[in-house]
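Please look over the sequence and the model before reading the points below.

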Amino acid sequence: MASKNAKLNGNRMEVLGLVSIQLPGPWWWHGEDIEDVKAKGIIFRAFPDDDEEEPQDIAYLIIADVTGDTEEMNVALIDEDSAKDYDLYLHKEIKNKLPDEGMELIEWMSSELNEVEDLKILVTPYIVHDQGRERQNIALRMRVRESNLIIMGCFDIDLKDQLASPIFD
C-alpha cells in the first residue's frame, strides 16, 4: 500500500505523524489517502480474507486531520454544555448528509465528552443502514498538537462479536 499520509513503522501505521495504530487481523486491509481542503488522512478498509469476486468491506477506520474544516470544533476548547450543542449540530448534519452517500441514520446515541489527563475526546456513536447492512459508527474528535483530528471506526453489526473489540481497541 503506497500512501502519502500513512507509513508502516514495524507492525504499526503512523498516520500524518499524529497517530500510531495497529490494524487488527485476520482481515485484509486496504488504505486510501484522503486529500481534501477540509480533511487530510487515510481510510483503512477491512475485507474478509476470502475469494469473493467483488468483496464488500466489513469495517473501516478513518484517521483525518480536519483542521481545514471550519465546521469542526477544536474539542480542546469545549465543555459539557457546548458539547451538547455540538452534538445537536452533528446529529442534524450527519442525518442530512448520509442520504447523499446512500445511507440512512438508524439510531443516534448522542455524543459524550470524555477527558483523559489533558486530552478531551468527543465520542459520537450512531448506527446507519448502508448497502443493505446495519453498521455501527463511532467517531472520536480530539485535538492533537495543533490539529483537529477525527478517528472513526465502523463495522457491520452482524459481525460485532468479531469486529467490535479489535476495531475500537
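In counting charges, Lys and Arg are taken as positive and Asp and Glu as negative, while His and the chain ends are not counted. Each charge is placed at NZ of Lys, CZ of Arg, CG of Asp or CD of Glu. On this basis, the chain has 17 positive and 37 negative charges, and their mean positions are 5 Å apart.

The model is predicted: local features need pLDDT of at least 70, side-chain atom pairs count only at pLDDT 80 or more, and totals for chains, interfaces and linings use all residues. Residues are numbered from 1 along each chain as its sequence is written, and side-chain values use heavy atoms, with hydrogens and water left out.

**Secondary structure**
- The chain contains 2 helices and 11 strands, where helices (H or I, at least four residues) and strands (E, at least two) are DSSP runs numbered from the N terminus.
- Along the sequence, the pattern is β-β-β-β-β-β-α-β-β-β-β-β-α.

**Overall dimensions and burial**
- The C-alpha atoms fill a box of roughly 50 × 35 × 30 Å along the principal axes.
- Of the 169 residues in the chain, 44% are buried, which means under 20% relative accessible area with a 1.4 Å probe, protein chains only.

**Glutamate 146**
- Glutamate 146 lies in the loop between strand S10 (133-144) and strand S11 (147-156).
- Glutamate 146 has a relative accessible area of 62%, so it counts as exposed (over 50%).
- Glutamate 146 and aspartate 65 are 81 residues apart in sequence, and their C-alpha atoms are 9.8 Å apart in space.
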